[in-house]
Amino acid sequence: MTGPGYFTHSRPPNYFSSVVEEKYRRRHHHAPWFLHLTLSIPGVHTRRLRIFYPNLRRLHSSVVARFGRRLGSAILLFLLFLFIFVAFAFTKRFGTRSKKWPRPFIGDPSTLVFEREDLQRIWHWEISSGHYPSRRPSCLTVPEEVGFRVVPRNPAIPAKRTVYRSPLGIANSTRGVGPNRTYLEVKHKPGNTAYPPRPVPGSVADLDIIMDNCDFSEKKYVRDCLEVLRVGGGLDTGNRLRRGPLDDWKYIYTEAADVGEPIPDYEPASSHSGLKVDGNAAQDNLGTSNMEKPPIPLPPHLQHRPYATLSDPCDPDNPRLFHMFWTGPFTDKPYTALLSYLYTQNTGLHLQTPEETICRPQFWMWINPGPAAAVRNPSALRDMYSELKQNPWASPFLHPRFKEVIVFKLWNTTEQLDGVPELKDEWRKRDLFNSGGNIFVVPQQDTNEGDGAVKKANSDNFLTRAGSKSSSTYDRMSVILSDMARFVLCHRFGGTYLDADTIFLRDWEELWGWKGAFAYRWSRLPRYNTAILHMNKNSALGTFLFRTALKNGLDFHPMTISRYTQDAHLEELLLRLPDALFDSAWLNTENYQRDRPPQPYFTDFAHFFETPKVNSAAPQAMGIDGFFKGAYSYHFHNFWWKPFDPQRNWPDLGEQFIAGERQVHNMSGTPSIELPDRGDLDWATVLKRTFEAYIRGERPNMYGEWLQW
């Protein structure tokens, strides 16, 4: 309504809120919505190609005139983002190998491929087989999401009266029905305080107690953890300074000779409506066709048998095998790893006839002779042994004295993957080189098995590298292959896998006694590092991991393995041990616990090979006893190109293996005469020379045993 004395809130037809809007409206009112670009057509002189594209100025002016400068600009930015996202989505769906729509940015997608009833079967199989010897009520319990209505019977822990249930009536613990445990105070033999005693045959490390004293999540220090490991394992023989009761540090036990009643196979109960496993998220990510259909095929579960009930000291269900994977020419790195194995493990080489009550471990060194992406030569096995005999770093371990405890084996990817029932029918349809979702595509000519030839190593091409010769020529493909190989080897043969940059520091007898699977913690992060991986042969956990990896792109990166077990609520079945046991320097190198570091104190992994001058007196003064004593092994994190002993970079094993030493001198052109030694020796040098002195017969091993030839 208008008239004298009245005014209206409506704008006149040609009203503009600003001069800018009026300018845009008047300038671009008659501009076209689309412009075109003309290009000449090769070979056609009479016609030109027109390419139309939107007139962004017209679009901008129209939106600003309608909604204002700020709101209009915001709308344009939103539309631009939407266009980019739609283009990205269609590209990912139709233009990539995964053929999947992108998911919203709400964290990692679910990797779960099993229904709850199969997760229950996996849990029940592992518990009934004695692979879950844990009784910590605080954290290592059966997750409620698994949905057990009946408390599982656990033959690996002693009987107990109390079991734990959630308020919903779901069992979140196990009922012990196993043999009693006797915790040991490990002492030296009378009159022998110079060397620690060997662990008791068949003894078991209680990893619950170790977790209580070593878990970084509970603010436990590596320094304190190593002391518990030394004292409880009897490694501080003759040097114990602690006074007072130390019963809480007894972590090694033996089991009574008692075999309980067989545990029946599992019949899953119906799902509980109050509990959820994130199956819908998995279906959204992987597609319903990729979900595993129950029931999961599993062999009959094993019967837990204490060591005292075995007719033979070696349990066939739990073989004592160490696996290591190596690509390219043999160097001082696997050489030193094997020497440390001979120096620490109970191989029986100190006796002319090994004791029948001792189960001797074996070390299987898997050799991948060429680049990871190459195909094996038909004569690869013969060529492998020929090269090992000619290699001065490898040839000493072919000596007949070591044939029962060190075995070289040829790695063949096709043969190994075909030997895994969970993979053999489907792995050829997948990309083998997937690391954390990053897929490395190998050209068809590199994987075609027609010619049987091995592609020659070339450090300039990452696909054809065979070993890491420097930090700039890192053999990434072999690392990715080894991520998968460790799970294949442990699942097919059982035992423990170790990365080649690992050195043994003590006997693993009591770790063999713990029949559960384990890896260790990724430094400060609650994720796995599988540089050490122990798994049981043909286990339900292994079946789960392979089927899950198959449906998730065959990705075996440790971070991805963490997602597999977390999404399926199976983390407790692959125990994440503290890194203090196998990687004692890691936290210090990442600026943690530097207020109370262990001995030695490394702020960088390079300090193992180049010990800082301010700390360089310790290696010679303390020797191997001063190197993370209590830890089971040390992981020096690559540095393949750094020699252990720059001054004596050859296998210094004495007259028995002098041919290898002379070969190194001839190949390198270095003089064979003795040269003055360096003033300060690094930790790497001290450890290598210690192990070599044992082989030369100049000193006993860490348990006071002399090598007998």
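Analyst: First, a term: buried means under 20% relative accessible area, exposed over 50%, and partly exposed in between (1.4 Å probe, protein chains only). The model is predicted, so local features need pLDDT of at least 70, side-chain atom pairs count only at pLDDT 80 or more, and totals for chains, interfaces and linings use all residues. Residues are numbered from 1 along each chain as its sequence is written, and side-chain values use heavy atoms, with hydrogens and water left out.

User: Why is Phe 657 called buried?

Analyst: Its relative accessible area is 11%. The limit is under 20%, so Phe 657 counts as buried.

User: What makes Trp 709 partly exposed?

Analyst: Trp 709 has a relative accessible area of 38%. That value falls between the 20% and 50% limits, so the label is partly exposed.

User: Why is the pair of Phe 657 and Trp 709 called tilted?

Analyst: Rings of Phe, Tyr and Trp (its six-membered ring) pair if their centres lie within 6.5 Å; planes under 30 degrees apart are stacked, over 60 edge-to-face, the rest tilted. Here the centres are 5.9 Å apart and the planes at 55°, so the pair is tilted.

User: What makes Phe 609 and Phe 644 edge-to-face?

Analyst: Their centres are 5.5 Å apart, with 65° between the planes. That angle is over 60, so edge-to-face applies. Both residues are buried.

User: How do you know that Arg 576 lies over the face of Tyr 528?

Analyst: The rule asks for NZ of Lys or CZ of Arg within 6 Å of the ring centre and within 35 degrees of the ring normal. Arg 576 lies at 4.6 Å from the ring centre of Tyr 528, over its face. Arg 596 lies over the face of Tyr 221, at 4.9 Å.
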